[in-house]
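I opened my notebook to look up a few things in one structure. Here are my entries.

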Amino acid sequence: QVQLVESGGGLVQAGGSLRLSCAASGIIFTITSMGWYRQAPGKQRELVATITSAGSINYADSVKGRFTISRGNGKNTVFLQMNSLKPEDTAVYYCNAGTYYGARRAYWGQGTQVTVSS
């Protein structure tokens with residue numbers, strides 16, 4: 001089992017910045033990737049950014065050049081620096097961890113609200 005705890009959401013004006021953090025605990029040696037997804041009201045959950053244990057990074061086109069994903073030194077923490085925020089970035093942001101320990105599993109955090117006002 002892997003537990004994920006997010007922090008850092010909040011309310012910000014358009015053009016502002018926020019930094020999300022996610023800390024993993026449990027059998028963290030099984031983690032192969034971590035990332036962020038978001039879900040706006042009435043919409044499906046979508047990928048924002050992911051980073052693998054090897055350091056490969058993937059961003060959604062909508063956030064490229066504005067958001068930066070990174071890992072902490074212990075590699076069980078992932079951050080999402082969000083700059084130049086837009087109202088359309090408003091959503092609940094979920095931390096995700098992909099693991100492999102005989103089989104692949106995905107774990108989710110509880111979510112943190114990000115609201116960008118115009």
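I began with Gly55, which lies in the loop between β5 and β6 (57-59). Strands here are DSSP runs of E with at least two residues, helices are runs of H or I with at least four residues, and both are numbered from the N terminus. Gly55 is partly exposed, with a relative accessible area of 33%. My cut-offs: buried is under 20% relative accessible area, exposed is over 50%, and partly exposed is in between (1.4 Å probe, protein chains only). I then took Gly55 and Arg66, which are 11 residues apart in sequence. From C-alpha to C-alpha they are 19 Å apart in space.

A note on the source: this is a predicted model, where local features need pLDDT of at least 70, side-chain atom pairs count only at pLDDT 80 or more, and totals for chains, interfaces and linings use all residues. Residues are numbered from 1 along each chain as its sequence is written, and side-chain values use heavy atoms, with hydrogens and water left out.

**The core**

I followed up on Met34. Contact means heavy atoms within 4.5 Å. Leaving out residues up to four places away in sequence, Met34 touches a list of residues, among them Leu4, Cys22, Ile51, Ile69, Val78 and Cys95.

**The disulfide**

The whole structure has 1 disulfide. Cys22 and Cys95 form it, with their sulfur atoms 2.0 Å apart. Cys22 lies in strand β3 and Cys95 in strand β9, so the pair ties together parts that are 73 residues apart in sequence. The angle about the S-S bond is -85°, and the link is left-handed. Are these cysteines buried or exposed? Both Cys22 and Cys95 are buried.

**Val2 and Thr99**

Val2 is in strand β1. Its relative accessibility is 6%, so Val2 counts as buried. Beyond four places in sequence, the contacts of Val2 include Ala24, Ile31, Ala97, Thr99 and Tyr107. I also checked Val2 against Gly42: the two are 40 residues apart in sequence and 28 Å apart in space, C-alpha to C-alpha.

Thr99 sits in strand β9. At 5% relative accessibility, Thr99 is buried. With residues up to four places away not counted, Thr99 touches Val2, Thr30, Ile31, Thr32, Arg104, Arg105 and Tyr107.

**Ser70**

Ser70 belongs to strand β7. Its relative accessibility is 26%, so Ser70 counts as partly exposed. Ser70 touches Thr77, Val78 and Phe79, again not counting residues up to four places away in sequence.

**The loop between β8 and β9**

I looked up two residues here. Ser84 is in the loop between β8 and β9. Ser84 has a positive phi of about 50° although it is not a glycine. Most residues other than glycine have a negative phi. At 40% relative accessibility, Ser84 is partly exposed.

Asp89 is also in the loop between β8 and β9. Is Asp89 buried or exposed? It has 1% relative accessibility, so Asp89 counts as buried. Leaving aside neighbours within four places in sequence, Asp89 is in contact with Arg38, Arg66, Phe67, Ser84, Val114 and Val116.

**The largest pocket**

On a 1 Å grid over the protein atoms alone, a pocket is an open set of points where a 1.4 Å probe fits, with protein on both sides within 12 Å along at least five of seven lines. Lining residues have an atom within 4 Å of a point. A volume is the space filled by probe spheres set on the points, which are joined across faces, edges and corners. The largest pocket holds about 170 Å³. Of its 13 lining residues, the closest to the centre are Arg38, Ala40, Lys43, Glu46 and Glu88.

Key. Disulfide = S-S within 2.5 Å.
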